[in-house]
Structures are given as structure tokens and as C-alpha cells.
Amino acid sequence: MAPALGVSEARVGFLVTGYAAASFLAAVPLTAALRGLPRRRVLAGALTGLAASDALVAVSSSYPLSFAARRVAGAMGGLLWAMLAGYAARMVPAARRGRAIAVVLGGITLALALGVPVGTALARAVGWRAAFAVPAGLAVALAGWVRWRVPAFPGEPPHARPPFLRVAARPGIRPVLSVTLFLLLGHQAMYTYLAPFARHAGFGGGRTGLLLAVFGTATVAGIWVTGLLVDRRPRATLLAALGLFAAVLPVLGRYAGTPAVLVGAVALWGVAFGGAPTLIQTALVAASGPAEAEVATSLQTTVYNTGVAAGSLFGGLTLDRLGAAALPWAALSAVAVALLVVALGGRHAFRAGPGGSPPSQPSSSVVTPKTRSRA
């Protein structure tokens, strides 16, 4: 992209930074501004905006224009992240809510795992512009499918919109957001610097790609297992996932020099981390209620991105000051906090019942013929 846009490769890298910053900054204000609009219209509109921004990059020869388009894409991405889990939760009964969220987050996980290699292969085969044009076309098709097949839900009337701060102050919300932050802090501190850690363990020489493939495959297995258990034993499954992650880190710290142990530990880490987002998201929806899930999820999107950025910084400082050998122990300190919050937070969040919801919580948000017919 650099020659076509007339800039250095470093400045092309800032397109990624611009996307991430827009996603971070836009999730809450966009969700707040659009709460009153019909939800299917907002979902299709966000996909259309994503398609338009990708198409603009595909034909652009101007760096400022491309940067602005990526900022728009980031904003649309932040809005979509805030909407998807809550939308899925409103489409099913409470007893199946966790599995619906698992399906949604499973798609996101697969996209994150496959998007970069598929996009890179496409760019090498037919050029980088096609790597933006093809997703633009797919987003247009998906927006049409949403309008055709996805159930419609009304927006929130003005009198039924609690302020964001009131939602954030609910007793169950803060523990879930805390677990999100510390889990991502620990995960990113280790995952971002997996390559130097592998070299430290004697597993370098281009074999980091194998570890990433093992991790990605294992996350799919984690999502599948979580989908089977999340609606029946959400709290126990989350404790098991975080406990497994916490147990793997000392193994990496002490025995990563043995290749079989390193690969096996990374696989278990992938299983644990693959299921954790679904379990945390289910707990968040249970704490907020499906009607206010988009508000809570927009807050979580901001916290999630904060954890990604802070975890990368935390891992980088650890690597610079203490070396690669210290990375698992630094990550363990954050994951242990997340595990402790879940273990102590059963009163208002991370409930043990089906779906993690209070027994008295209504499930009237299930789709009915009346709601399906609304635009």
C-alpha cells in the first residue's frame, strides 16, 4: 500500500492505529446516539458504513482519504461490537442465551483468526485493493441479508433509556468489566510477545507460526465446549476457563524449554481463552438484562480495547526490563485477579444458575410475531 499512497510503511501501519482508536472512542457515543432507532436498521446501516469505508480505501490513492476511511470503519466496527451480543440475546429465550452469544462470538473469533491470513493471501494474489474490495462486497451482501432475515427490534423510547453511568453503576456490571480488563491484560501481555518468548524457550526459527496455529485451533475447541456448558453452568465453566489459563502460565514459565510442553500449554491456553469471552459476555447480559445489553456491551468494548492496549504495553515493559522469561509470571498476576473477582463476585455477577440470570429476571425479550414484523 505504501507506494500507491505515497507514504512510508510506518505511516501505512497507522491505518491500523486509526481503526483501533476510532473503535475505542466511538462505541459508547454512537451506541448512545442511536439507541432510539430501530435496531435492525442500525445494524444494517453499520454494515453499509463498513462496506463504504472499505470500498473507499480500495479505490483511494490519497493517504489522508484512506486514513479517514479507516477511522469510519473503526467507528462502525465499534458499533457492531456493541450491538451483536445484545441482539443475539434478545432473539432467544433466557435458557439459550449463552449459546446464542457463543455463536456470535465464535464467528468473531474465527474472523479474527482467519481474516489476516486470508486477506494477506488475497492481496498477494490479486493486489491489496482487492483485499478491501472483497470485504466491501461481502458487507453489502450481509447488510441485505440482515434486512431480509434478521428479526427487527424497536429502539428505546426516551423515557426508557437509563443513562450510561446508571447502567455502569449496577452491582453486576463492574465485576464483569473488571474481569474483562484483567483477562485481556494478562492475555495480551503474553500473546503479543509470543514470538520472543518462543525464541527464549528455544522454539524459534520460524516456528512461531505453528504456535499461533495451535492457539487459533484450540480457541475454536474452547468456543465449542463453552457453547455446550454456558447455559447450564456459566459460573463453574468460567472459573474452570480462568483456572486453566492461570494454571498454564506457570507451566510456560518453568517448562517451556520442552517443545511438547510448550505446544501443549499453548493449546490449553487457547481452549481456556477461546471460551472466556462468551462466558464473560453472557454474565454481562445477565447483569444488565437483554434490553440494556447494548449499553453494557458498548462499555465492555471500550474496556476490552483498553485491556488490549494496556496488556501490550505491560508485556512490552516486562520484556524490556525483565526479559522474556518473566512474561508468563507477569500475565499470571493479571489473570489471577480476574479469577479472584469471579470467585468472589457470585452475589451480583457470575451467577451459578442457568444463563447466569437472576431467577426473577423476565425473558420477555424473545422474538414474537409482533416484534418480527417491525421495521
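A residue counts as buried when its relative accessible area is under 20%. The legends below refer to a predicted model.

**View 1. The salt bridge between Arg70 and Asp54.** The structure contains one salt bridge. It joins Arg70 to Asp54, with 2.9 Å between the closest N and O atoms. Arg70 belongs to helix H4 (residues 63–90) and Asp54 to helix H3, so the pair ties together parts that lie 16 residues apart in sequence. Both Arg70 and Asp54 are buried.

View 2. Leu56, Val59 and Leu65 make up a nonpolar surface patch of about 260 Å². Leu56 is located in helix H3 (residues 39–59). With a relative accessibility of 36%, Leu56 is classed as partly exposed.

**View 3. The largest nonpolar core.** This core comprises 53 residues, of which Leu183, Met190, Leu249, Leu252, Leu262, Trp269 and Phe350 touch the most other members. Among the helices that each supply at least two residues of the core are H8 (173–191), H11 (234–255), H12 (259–288) and H14 (327–344). The greatest contribution comes from H12, with 12 residues.

**View 4. The surroundings of Leu249.** Apart from neighbours within four places in sequence, Leu249 is in contact with Met190, Pro328, Ala331, Leu332 and Val335. Leu249 and Met190 are both among the residues that touch the most other members of the largest nonpolar core.

View 5. A separate core of 18 residues includes Ala26, Leu50, Leu79 and Val150. In soluble globular proteins, nonpolar side chains tend to be buried together.

Definitions and conventions
Residues numbered from 1 in each chain as written. Predicted model: local features only at pLDDT ≥ 70, side-chain atom pairs only at ≥ 80, totals over all residues. Heavy atoms only, no water. Patch = residues over 30% accessible without salt bridge, like charges linked within 9 Å, V, L, I, M, F, W, Y side chains within 5 Å. Areas by Shrake-Rupley, 256 points an atom, 1.4 Å probe, with all protein chains shown as cover. Salt bridge = Lys/Arg side-chain N within 4 Å of Asp/Glu carboxyl O. Helix = DSSP H or I, 4+ residues; strand = E, 2+ residues; numbered from the N terminus. Buried < 20%, exposed > 50% of the residue type's maximum accessible area, 1.4 Å probe, protein only. Core = buried A, V, L, I, M, F, W, Y, C linked by side-chain atoms within 4.5 Å. Contact = heavy atoms within 4.5 Å.
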